[in-house]
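Please keep the structure in view while reading.

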Amino acid sequence: MPVCDPAAKYAAFVARISKTDKKRVNITTDIDIHAYYRAFREIIRLVHASTRVDEILELVVWKATELLDAKGAIFRILNLQTEQLELYAAHGLGKKYLEKGPVSSYRIITELCRQNEVIIIDDILGDPRVQYPKEAWEEGIRMILDIPLSLGNHVVGILRIYFSDHREISKDKKNFMVAVAQQCSCAIDKARLIEEQQSRYDKLALQTEKLSSLGRMAAGIAHEINNPLAGILLYSSNMIKKVPEEGPLKEGLDIIVHETIRCRGIIQELLDFSREREPKKTLANINDVIGKALNILENEFRLDHITVETDLSKEMVSSFLDENQMEQVFVNLLINSVEAMDKGGRIGIKTRLGPEKKCMKIEFKDTGCGFPKEALDRIFEPFFSTKAKGTGLGLAVSYGIVENHMGDIRAYSAPGKGASFIIEIPLIRQPPSEQTEGFENEAP
Amino acid sequence: MKPLKILVIDDELVICSGCRMILSDLGHTVDTCKTCKEGLDAIKKGNYHLILLDMKLPDSDGMEVLKTVRVEKSEIYTIVMTGYATIRNAVSAMRLGAFDYLPKPFTDEELVASVERAVKNGAGSGKLQ
């Protein structure tokens, strides 16, 4: 995340902070214990409240410059993919100097972390740790303070503070900057964890939706192509009967029939591969399947401050069902709930046995934004979505799966009142009957 | 084979005319129509022994025709044709009283074999209305 125009970014940041938080941020040049305390409290508050590393680092470079009465400060953070140190935040330095490129090499930072201490560079023109000594001197830099940012034994970056004069930096001030740097390291770690989770979650959601789209597209295309193929096959197979037994006409028609039947096979294979598959039912307890779905999204709940309350029936017995498909249904419902609650909330999951143990009832309830009645009527339609980025296939696929289990899924909601989904599936204790397979053999 | 009065309901004209040609060659009388509504009107007016029904019609689902036939003209045999050849669709159609299921595309022989099976099972032997 390189900073293109630090001055503009800083100005925007100051404007934002002073607008929302005028009382808390106290811009002061008085370097006393209270100023340090206030700055530290401010930084910690932001580390906990914000998931944006750049915002936190912008505040830190600014505060460090102010408190140490320095010329300016920068953050360089190691990009794990490129292994390059990227400029994340800068304050008080000219554009010309910043554009010069990395002001400290990876080697210098590793050295810094190995020593794991604050380093003072007094000799700007002679110290090898200054990458562009001439430009630094022209910028008016006379002394540099390097503070390592590390997590465990790993280097994550550097906080470099620039001074326009030579001076003594007290032990207290150094300790203060080390403590601030530690907080920044934590913030970077937290942001990376969130980013990782987000990317895993996006991949999962994308994969599910891609598969659903493919299945639906294939079914649609198959229908469109099967109709013209039916015309070709009907006519050609009929004409074969009407042409002489031997000769070029019969030969040509034989080829047309043969090739059309080949097309039929290809389309059938495509459908078998991609359409909503018939469930592969095995004996499983629905409570366990719910547990698996919850495990998949465990980190999402934690990061989005969502509490999950389960009330799973202890009497629940195993039934013949497709575990993978049912898990997909539950994951779809949970993802929808997570996305309906942007500031935390509750998800309640309840399972019960129906009257005379003939069916099981599964209820998912959330405290999210809910949806209006018009949406309720269309919620299971393919390509219908209440989400800006939704493709409208998650619930359509879930509906198909529940239907494949001879069950029923219903949605209840109102705007701002959360949403609940109730699934009822017959409890099947015996292996599924062979009725459908029997018919398949009979079909021409 | 005993000549039957057959109705083909499909919005694809090529399929309607193809079926008509093949079945007329065998001596059957064939009418065709393109929508569910036209189909239902024809069923009420005509004395059909057999219906060839596409499940995806522009105005409604072929299931509606199946339901009407089962309730009002249960002596009519129905053969369902569809491009969505899923077992689930077939099972639903059979539950609603369809006699057979022809996944598209099908050949002359497959169509004739299915009609012959219907005749063997009694299509055309019931009293006409």
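Two residues are in contact if their C-beta atoms, placed from the backbone, lie within 7 Å. This is a predicted model, in which local features need pLDDT of at least 70 and side-chain atom pairs count only at pLDDT 80 or more, while totals for chains, interfaces and linings use all residues. Residues are numbered from 1 along each chain as its sequence is written, and chains are lettered from A and ligands numbered from 1 in the order in which they are written.

**Contact between the chains**
- The contact draws 26 residues from chain B and 23 residues from chain A.
- On the side of chain B that touches chain A, at least two residues each come from helix H1 (13-25), helix H4 (87-95), strand S5 (100-103) and helix H5 (108-120) of chain B, where helices (H or I, at least four residues) and strands (E, at least two) are DSSP runs numbered from the N terminus.
- H1(B) gives the most to this side, with 6 residues.

**Sheet of chain A**
- An open sheet of 5 strands in chain A has the order S2-S1-S5-S4-S3 with antiparallel pairing, two strands being paired if DSSP finds at least two bridges between them.
- Strand S2 (85-91) and strand S3 (119-121) of chain A stand at the edges with a single partner strand each, so one side of each is left without a neighbour in the sheet.
- S3(A) pairs with strand S4 (residues 143-151) of chain A in the antiparallel sense over 3 bridges, and A:Ile121 stands opposite A:Ile144 in S4(A).

**Nonpolar cores**
- A nonpolar core is a set of buried Ala, Val, Leu, Ile, Met, Phe, Trp, Tyr and Cys residues joined through C-beta atoms within 7 Å, and a residue is buried if 20 or more other C-beta atoms, placed from the backbone, lie within 10 Å of its own, exposed if 12 or fewer, and partly exposed in between.
- The largest nonpolar core has 48 residues, and those with the most contacts inside it include A:Ile56, A:Val60 and A:Cys184.
- H3(A) gives the most to this core, with 9 residues.
- A second, separate core of 44 residues includes A:Leu233, A:Leu234, B:Leu50 and B:Phe106.

**Backbone details**
- Most residues other than glycine have a negative phi, and most peptide bonds are trans.
- The peptide bond from B:Lys104 to B:Pro105 is cis, with omega near -5°, and B:Pro105 lies in the loop between S5 and H5 of chain B.
- A:Asp69 has a positive phi of about 50° although it is not a glycine, and A:Asp69 lies in the loop between H3 and S1 of chain A.
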